[in-house]
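Colleague: Before I use any of the labels on this model, I would like to go through how they were assigned.

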Amino acid sequence: MHFVDLYAQYLSIKPEIDDAIASVIAQSAFVRGPHVDGFEIDFAKKLGVKYCVSCANGTDAIYIVMKALGIQPGDEVITTAHSWIATSETVTQAGGKVVFCDTEADYFNVDPAQIEAKITPRTRGIIPVHLYGQPADMDPILEIARRHNLWVIEDCAQAHLAMYKGRNVGTMGDAATFSFYPGKNLGAMGDAGALVTNRDDIAEFSALFARHGGKGNHVMEGINSRLDGLQAAILNVKLRHLDKWTAARQSRAAVYDRLLANVGDLILPSRRERSSHVFHLYVIRTAHREALRDWLAERSIPTVINYPRPLPLYQAYDYLAHTAADFPVASLHAKQILSLPIYPELTDFEIGTVVDAIKSYFSIPANPR
C-alpha cells in the first residue's frame, strides 16, 4: 500500500501526459512558451481571478508576493504556528519578522480570535494557511486586516479548489499562493508553483521580479523563478481532471468517516460549516499516536505526521524563545495527529485494510485505550 500513489494517477491519464510531454519536446518549449502561458490563463480562469503568475515552486510564490507587497526589514507578519516551514521562512527571507499565532481546536488553522492580540505598530500582514485542504476562517481574518490596514496572503498549497462560503480559497486576500509539488492535489512531475491575484500591481511586479526583473529590460533586480514548459504541460492536463479528483478525495474521506466513527479515542477531521474540505491529507487524532503508528507500520500501512511540532518550537526559531505553553492547541495537536493514506485512486478495499488494522489495535485488551 502507498501513502500516495502517483504512478496510479499517471496510468489513469497516461496517453494525455505522454502527448503533452512529447509536444513540449517537439516545440523545444522548455522555458516559458505556450504551455506556461496556457496554464496561467486556465488556472486563473478556474479559480475566478484576474491573474496567475507561475513560478518555480510554492515557497518562491510566497516570497515573491511579499516582495510585491513591499515588505521592509523589521515588518511583522502573523501566521499560523502549525504548518510547513515554507510559510514562515519566506517571511524572514523577505526581510520581515515572523509572528506565530496558535490554531483552532477543531480545524488546525490559525485562530482568528487570537490574531488581534498579536498586532503591533510593526505588523504589515497576515498569512493564513488552508492546512490539509481545510479552509481557514477567512471572514474574521479579512475583517481584522481591514480594520488594521493589513494585507492578507492566502497559502493554498494544500487546498486547490477548496471552498469557503461559496468562494474559492485563493480569491479572498490580496494574493494567494499555490504549490504544485508532485504530491499535491494538483501536482506536477517536479517542483512548480504559482501566485494568483486580482491586483494589477501585484501581478505586474511579481511577473517581473520572478524573471530577473524583466527580460531584456531589467527594471529591477529580481530572481530566477520560472515554471518550466514540461511541468506546465503536465499541469494543463491534470487541471482538466482536478474536479473529478477532488470529488474522489472527498468520497474517500467520507468512507473513512463512516468506518472509523466511534473507534477508540479517534478524533476524525471536522468540516468547517459552509465550506468544503478537499482532503489533501486525512488527519486523525489520538492520544496513542505513536503506538498506533507502529502497529500500522508492522502491517505495511504507511502513515505520516504532518507536522510533528509547532513551527515556533523548532531550532530555527530558538531566537524567539517560545515554549509549548505559548501555543497550547498547536502543541497538543502535534502530539496527536496522524495522516492516513488518501488519494483519488485509493480503493474501498485499501481503505478497509487501513480501517481493519486500526480497529484491531483498539480491540486488543493489552493496548491502552
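This is a predicted model: local features need pLDDT of at least 70, side-chain atom pairs count only at pLDDT 80 or more; totals for chains, interfaces and linings use all residues.

Modeller: Residues are numbered from 1 along each chain as its sequence is written, and side-chain values use heavy atoms, with hydrogens and water left out.

Colleague: What makes E116 and R147 a salt bridge?

Modeller: A salt bridge is a side-chain nitrogen of Lys or Arg within 4 Å of a carboxyl oxygen of Asp or Glu. For E116 and R147 the N to O distance is 2.6 Å, so the pair meets the definition. By this rule the count comes to 21 salt bridges.

Colleague: Why is the pair of E116 and R147 said to tie parts together?

Modeller: E116 lies in the loop between α6 (112–115) and β4 (123–127), whereas R147 is in helix α7 (residues 138–148), so the pair connects parts 31 residues apart in sequence. The helices (H or I, at least four residues) and strands (E, at least two) are DSSP runs, numbered from the N terminus.

Colleague: Why are E116 and R147 called partly exposed?

Modeller: Buried means under 20% relative accessible area, exposed over 50%, and partly exposed in between (1.4 Å probe, protein chains only). E116 has 33% and R147 has 43%, so both values fall in the partly exposed range.

Colleague: How do you know that D257 and R271 form a salt bridge?

Modeller: The closest N and O atoms of D257 and R271 are 2.4 Å apart, which is within the cut-off. D257 belongs to helix α10 (residues 242–260) and R271 to the loop between α10 and β10 (275–276), so this pair ties together parts 14 residues apart in sequence. R271 is partly exposed, at 33% relative accessible area.

Colleague: Are R289 and E290 buried or exposed, or in between?

Modeller: R289 has 6% relative accessibility and is therefore counted as buried. E290 has 44% and is counted as partly exposed. The side chains of R289 and E290 also meet in a salt bridge, at 2.6 Å from N to O.

Colleague: Which residues are linked in a network of salt bridges?

Modeller: The network links R32, D37, E40 and R211.

Colleague: What makes the nonpolar surface patch?

Modeller: I25, F30 and V31 make a patch of about 270 Å². Patches are made of residues with over 30% relative accessible area and no salt bridge: like charges are joined within 9 Å, and nonpolar side chains (Val, Leu, Ile, Met, Phe, Trp, Tyr) within 5 Å. Accessible areas come from the Shrake-Rupley method with a 1.4 Å probe, and for residues only the protein chains shown count as cover. F30 sits in the loop between α2 (14–27) and α3 (34–47). Its relative accessibility is 37%, so F30 counts as partly exposed.

Colleague: Why is α4 called oblique to α5?

Modeller: The axes of helix α4 (residues 58–68) and helix α5 (residues 86–93) come within 9 Å and cross at roughly 40°. That makes α4 oblique to α5, because angles under 35 degrees count as roughly parallel, over 145 as roughly antiparallel, 65 to 115 as roughly perpendicular and the rest as oblique. Axes are lines fitted to C-alpha atoms, for helices over the stretch in contact, and angles run from 0 to 180 degrees between N-to-C directions.

Colleague: Why are α10 and α13 called roughly parallel?

Modeller: The axes of α10 and helix α13 (residues 348–363) come within 10 Å and cross at roughly 30°. The helices are therefore roughly parallel to each other.

Colleague: Which residues does the cis peptide bond join?

Modeller: The cis bond joins N306 and Y307, with omega about 20°. Y307 lies in the loop between α11 (289–298) and α12 (328–336).
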